Amino acid sequence: LTDVPEWNFDGSSTAQAEGSNSDMFLVPVRMFRDPFCLDPNKLVLCEVLKYNRKPAETNLRHTCKKVMDLVKDSHPWFGMEQEYTLLGINGHPYGWPDNGFPGPQGPYYCGVGADKVYGRDIVESHYKACLYAGVKICGTNAEVMPSQWEFQVGPCEGIEMGDHLWMARFILHRVCEDFGVVATLDPKPMTGNWNGAGCHTNYSTEEMRREGGLKHIEAAIEKLSKRHDYHICVYDPRGGRDNSRRLTGHHETSNIFEFSAGVANRGASIRIPRQVGQDGYGYFEDRRPAANCDPYAVTEAIMRTTVLNETGVETKDYADH
């Protein structure tokens with residue numbers, strides 16, 4: 001990565017800068033193999049800095065990296081489950097009838113067959129591209145709503161989680177472009193009796209993964225319960241407004257206004273997997289993040305609350321570590 005030079009781009013063309021002072025810096029932070037142009041070409045993930053070398057407003061990696069450096073001795077592992085929906089160019093879900101709806105939900109989740117599953121060739125192309133690139137992708141499945149899919153990235157430690165998920169998203173959009181379809185991360189792309197789309201975040205620290213770790217899991221959940229409003233604000237890019245369409249208490253979600261936790265409960269804010277309850281150690285799943293969340297914001301918030309013991313809606317500004 002040290003061989004890759006910094007570069008710049010025109011921020012006025014992306015609504016990130018004024019035309020009279022438009023150059024913004026691209027600072028390389030992680031490199032992947034390029035599954036489109038193939039070896040020896042690379043895809044380089046960059047942080048964006050403004051003309052004064054301060055992070056751009058959209059650069060949430062910068063503070064996340066600070067926090068992850070502070071908590072590195074906890075060895076936080078994350079695995080994020082990215083749900084998304086395939087749409088035609090017209091914005092209608094891919095494979096749905098032009099002037100109507102498919103049958104009710106039920107036969108589509110992890111389904112098989114041309115009348116149940118739409119776009120598997122796209123999904124598998126994305127999966128293979130991620131494997132080639134070196135993205136830590138570890139699974140995929142058809143979701144509850146037809147044309148809705150999910151892939152999982154992880155386990156990743158610290159800042160690596162956001163890096164790998166963002167690259168997986170880039171590759172997804174790029175693969176869909178080749179197929180003439182669009183992938184949307186909208187948390188509720190279809191109103192009515194259809195499932196929304198989340199980005200369930202599985203999390204553990206080293207002490208949670210050891211014998212007796214369940215007490216540390218329960219302690220972390222207790223901290224999260226007292227900071228629900230803060231987490232809801234950072235779990236989608238619009239301060240909770242996107243998630244409010246999804247977190248209704250229906251369609252396997254919790255209610256956005258209430259915090260809840262339970263073993264094997266997919267209607268709770270936090271789910272402890274049944275196996276973890278039996279073993280007495282492992283990880284837990286935060287089911288609140290929206291499909292369009294920024295993984296840097298989500299993982300940073302979890303660390304601030306569960307390891308750095310922050311409370312309330314304000315965050316602490318840590319000096320460069």
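**Reading the terms of a predicted model**

Trainee: Where does Tyr281 lie?

Mentor: Tyr281 is placed in the loop between α7 (274-279) and β11 (284-286); helices (H or I, at least four residues) and strands (E, at least two) are DSSP runs, numbered from the N terminus. This is a predicted model, in which local features need pLDDT of at least 70, side-chain atom pairs count only at pLDDT 80 or more, and totals for chains, interfaces and linings use all residues. Residues are numbered from 1 along each chain as its sequence is written, and side-chain values use heavy atoms, leaving out hydrogens and water.

Trainee: Why is Tyr281 called partly exposed?

Mentor: Buried means under 20% relative accessible area, exposed over 50%, and partly exposed in between (1.4 Å probe, protein chains only). Tyr281 has 29%, so Tyr281 is partly exposed.

Trainee: Which residues does Tyr281 touch, not counting those up to four places away in sequence?

Mentor: Contact means heavy atoms within 4.5 Å. Among the residues that Tyr281 touches are Met208, Arg210, Leu214, Ile217 and Val276.

Trainee: What makes α3 roughly antiparallel to α8?

Mentor: The axes of α3 (residues 160-179) and α8 (residues 295-306) come within 8 Å and cross at roughly 155°. Therefore α3 counts as roughly antiparallel to α8: the angle, taken from 0 to 180 degrees between N-to-C directions of lines fitted to C-alpha atoms over the stretch in contact, belongs to the class over 145 degrees.

Trainee: Which residues of α3 and α8 meet, and how do they divide by class?

Mentor: Met161, Gly162, Asp163, Leu165, Trp166 and Arg169 in α3 meet Pro295, Tyr296 and Thr299 in α8. By class, this contact has five nonpolar, two polar and two charged residues. Ala, Val, Leu, Ile, Met, Phe, Trp, Tyr, Cys and Pro count as nonpolar, Asp, Glu, Lys and Arg as charged, and the others, Gly among them, as polar.

Trainee: How do you know that the span of α3 agrees with its number of residues?

Mentor: The expected span is 1.5 Å times one less than the number of residues. The 20 residues of α3 should therefore span 28 Å, and the end C-alpha atoms are 29 Å apart, which agrees.

Notes: Parallel < 35°, antiparallel > 145°, perpendicular 65-115°, else oblique.
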